[in-house]
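Here are my notes on the model you sent. They are set out as numbered points, to be read beside the coordinates.

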Amino acid sequence: MLTLGFSVTREDFTELRFVANQQAIEIERVYKGLGWSSDPEVAIIRAKVAELANILVNEEWPLLGEGGLSLAADALMSEIGTGLMHLRSNASEPLADDLLVSHLAVQETRATLSLNVLSGPTKLFWTIASVGFVFTAICFLAYPLSSASTAVMAMFAALNGAVLFGIVVMGNPFERIVEVTPVSLEKVIERSF
C-alpha cells in the first residue's frame, strides 16, 4: 500500500515538473514566434508575453502553493489570446495558428499546476497506511523478541519511515524540501527577454 502511495505521489510530482518545463517552452515559443514581424501590434503582444513570464515567476508561482492563480496573469493571458486571434484573422500572419496553440498550452499548464497542488494523498490513504503499519507491527510482536526479529522490525520501520517521508515531502510540490520550481521559466526569461 505504501509503495502504491509513493509511486502515485512520485508520478504526480514528476508530471508537475514536466508541466512546469512545458509552460516555459510554450511561452518561449510564443515570444520568439512573434519576433519575426515589425508590426507594432505584434510588438505589443510580444511585450505582453514577456510581462506574463515575469508575472508567472514573481506572482503566480508563490500562489500555487495554495492552489491559486494570479489575476494579473489571467488578464494578460486574455489580452494575448485576443491579440493572437486578431493576428490569425489577418491572412498575412501564417504563424498565428501555431502561436494560438502554444498560448492554449500555457493556459492548460497553469490550470494543471494549480489543480494538482490539492491532489496529495487523501485522509483515507493515511488511515489505511496507519492501520496497516500497526497491524504489521502487532504481527511482528506476536513472536518472542530476539535479535533477528528486532532487526527485521527495525528495518521494516526504517523502510516504512523512508517511504512515508517521501510521500509527505512530494505530497505538496510547491513547499518543503523537494519542490517544483519555475527554474526553466526563469532561464527562458534570462535567455529570451
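Which residues does Tyr 31 touch, not counting residues up to four places away in sequence? Point 1 takes this up, after a reminder that the model is predicted.

1. Contacts of Tyr 31. Leaving aside residues up to four places away in sequence, Tyr 31 touches Arg 46, Val 49, Ala 50, Ser 192 and Phe 193. Tyr 31 itself sits in helix H1, which covers residues 2-33. Its relative accessibility is 11%, so Tyr 31 counts as buried, the limit being under 20%.

2. Secondary structure and overall shape. Seven helices and zero strands make up the assignment, and the order along the sequence reads α-α-α-α-α-α-α. The chain is more spread out than a compact globule, because its radius of gyration is 24 Å, whereas the globule rule gives 16 Å for 193 residues. The C-alpha trace spans about 85 × 30 × 25 Å along its principal axes.

3. Burial, surface and contact range. Of the 193 residues, 37% count as buried. The chain exposes about 10900 Å², and carbon and sulfur atoms supply 65% of that area. For contacts between residues at least 6 apart in sequence, 74% join residues at least 24 apart.

4. Charge. The chain carries 12 positive and 21 negative side chains. The centres of these two sets lie 5 Å apart.

5. How many salt bridges does the structure hold? There are seven, and one of them is between the side chains of Arg 191 and Glu 28, at 2.9 Å from N to O. Arg 191 belongs to helix H7 (residues 183-192) and Glu 28 to helix H1, so this pair ties together parts that are 163 residues apart in sequence. The two partners can be described separately. Arg 191 is exposed, with a relative accessible area of 53%. Glu 28 is buried, with a relative accessible area of 12%.

6. Glu 60 pairs with Arg 110, and their closest N and O atoms are 2.6 Å apart. This bridge links distant parts of the chain, with Glu 60 in helix H2 (residues 40-64) and Arg 110 in helix H4 (residues 96-116), 50 residues apart. Are Glu 60 and Arg 110 buried or exposed? Both residues are buried.

7. Asp 97 is partly exposed, at a relative accessible area of 41%. Arg 88 is partly exposed as well, at 44%. Elsewhere, salt bridges that share partners join Glu 28, Lys 32 and Arg 191 into one network.

8. Ser 184. This residue lies in helix H7. Ser 184 counts as buried because its relative accessibility is 15%. What does Ser 184 touch, not counting residues up to four places away in sequence? The contacts are Ala 20, Asn 21 and Ala 24.

9. Ser 130. Helix H5 (residues 123-141) contains Ser 130. At 44% relative accessibility, Ser 130 counts as partly exposed. Ser 130 and Asn 58 are 72 residues apart along the chain, and 39 Å separates their C-alpha atoms.

10. Met 85. This residue has its place in helix H3, residues 71-89. Met 85 is partly exposed, with a relative accessible area of 47%. How far apart in space are Met 85 and Leu 100, C-alpha to C-alpha? The distance is 7.3 Å, for two residues 15 apart in sequence.

Notes
Residues numbered from 1 in each chain as written. Predicted model: local features only at pLDDT ≥ 70, side-chain atom pairs only at ≥ 80, totals over all residues. Heavy atoms only, no water. Helix = DSSP H or I, 4+ residues; strand = E, 2+ residues; numbered from the N terminus. Rg over C-alpha atoms; globule rule 2.2 N^0.38 Å. Buried < 20%, exposed > 50% of the residue type's maximum accessible area, 1.4 Å probe, protein only. Contact = heavy atoms within 4.5 Å. Areas by Shrake-Rupley, 256 points an atom, 1.4 Å probe, with all protein chains shown as cover. Lys, Arg positive; Asp, Glu negative; His and termini not counted. Charge placed at Lys NZ, Arg CZ, Asp CG, Glu CD. Salt bridge = Lys/Arg side-chain N within 4 Å of Asp/Glu carboxyl O.
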